[in-house]
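Please work through the following exercises with the sequence and the model at hand. Each task is followed by a solution in steps.

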Amino acid sequence: MTARSTRCTTAKTRTSRLAAVAAIAVAGSMLLTACGDQTEGGSTKEGGSSSAAASKAPLFSKLPADIQKSGVIKVGTDASYAPMEFTEGGKIVGVDPDLGEALSKQLGVKLEFVSGTFDGLITSIYTGRQQLIMSSMTDNKKRQEGLDDNGKKIGKGIDFVDYFSSGVSLLVKKGNPQGVNSLDDLCGKTVAVQRGTIYEDTFKAQAAKCGDKKLTIQAFDTDAEAQTRVKAGGAVADLNDYPVAAYIAKTSGGGNDFEVVGSQSDVGLFGIGVSKENTQLRDAVKEALDAIIKDGSYAEVLKKWDVEDSAVKSATINAGK
């Protein structure tokens, strides 16, 4: 499927991964740090909640004791993927923060979103700096098992509570001057992409397929930079999750900068990342997700952001491939 992967093993990635609109994305990217483990503020929530109030929430008692005490779950994100997560008025907004707010009502604690670069988010779970990841991150075996692109073990891996389904799409300059309609049309051309994402993996696989008709890949720290490269004509296409690509095409430059071409591919699941050592938190989040799916608040969030087609029917754990 879509999304972002793990390269910053000592210091970021996004598998089944969504991007900010020109102005919004650039503003959001300025808040990003060098790595997800060095995140800075921009949370949608502040502070904790009292035990007396929180204990009334349906699933408060299912949370680990330290989270019950603090009243906060720290959530790592890369706030540069509108409409999934992006910055607006100094706050992190979008599908994921809104889903986080719905989950918080079930759990009785605040979900505090903090922005960092995508390929550092998994590291932030390893170090304990963040307790969850909600960042359009594709759930796949590589991330579950802590493997790099070559299958080498580089970390413990993380678990995922799967909450969203999406495919990837090509984003090109308005008017599609290079006539790109599929990955095969990219052979002999230059593309731009965010480093450490599954999108980069997809381009690398296509480059191997292109053979002597070389596909040149330019990788950037943020998708906003990749978009800028395409807009300037330095690359013919960017690759992103369909909801993100569609949002960018609709809003950037008043809809005059980009367009989405071809059909969606690599449909997969986005997951909420959590440490393999924190199964209690993982299971509580899964139960909370099932609860908001059942009570309709999950559907309301997806409708608000026009991404209803990406809804899942129930929460699953590590269902990505």
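**Exercise 1. Determine how the lining of the second largest pocket divides into nonpolar, polar and charged residues.**

Solution. The space in the second largest pocket is about 170 Å³.

The terms are as follows. A pocket is found on a 1 Å grid over the protein atoms alone, as an open set of points where a 1.4 Å probe fits, with protein on both sides within 12 Å along at least five of seven lines; a lining residue has an atom within 4 Å of a point. The volume is the space filled by probe spheres set on the points, which are joined across faces, edges and corners. Helices (H or I, at least four residues) and strands (E, at least two) are DSSP runs, numbered from the N terminus.

The model is a predicted one, in which local features need pLDDT of at least 70 and side-chain atom pairs pLDDT 80 or more, while totals for chains, interfaces and linings use all residues. Residues are numbered from 1 along each chain as its sequence is written, and side-chain values use heavy atoms, without hydrogens and water.

**Exercise 2. Identify the element that gives the most to the lining of the largest pocket.**

Solution. The largest pocket has a volume of about 370 Å³. Its lining comprises 19 residues, with Tyr242, Pro243, Ala246, Asp306 and Val307 the closest to the centre. At least two lining residues come from each of β7, α9 (242-251) and β11. Of the elements, α9 gives the most, namely six residues. By class, the lining of the largest pocket has eight nonpolar, six polar and five charged residues.

**Exercise 3. Check the length of helix α7 and list its buried residues.**

Solution. Helix α7 (residues 198-210) has 13 residues, and at 1.5 Å a residue it should span 18 Å; the expected span is 1.5 Å times one less than the number of residues. The end C-alpha atoms of α7 are 18 Å apart, which agrees. Its buried residues (under 20% relative accessible area, with a 1.4 Å probe and protein chains only; exposed is over 50%, partly exposed in between) are Ile198, Tyr199, Glu200, Thr202, Phe203, Gln206 and Cys210. After α7 comes glycine 211, with a positive phi near 65 degrees.

**Exercise 4. Classify the ring pair of phenylalanine 86 and tryptophan 305.**

Solution. Rings of Phe, Tyr and Trp (its six-membered ring) pair if their centres lie within 6.5 Å; planes under 30 degrees apart are stacked, over 60 edge-to-face, and the rest tilted. The structure has four such pairs. For phenylalanine 86 and tryptophan 305, the centres are 5.9 Å apart and the planes at 90 degrees, an edge-to-face pair. The pair joins strand β3 (residues 85-88) to the loop between α11 (297-304) and β12 (316-317), 219 residues apart. Phenylalanine 86 and tryptophan 305 are both buried.

Definitions and conventions: Ala, Val, Leu, Ile, Met, Phe, Trp, Tyr, Cys and Pro count as nonpolar, Asp, Glu, Lys and Arg as charged, and the others, Gly among them, as polar.
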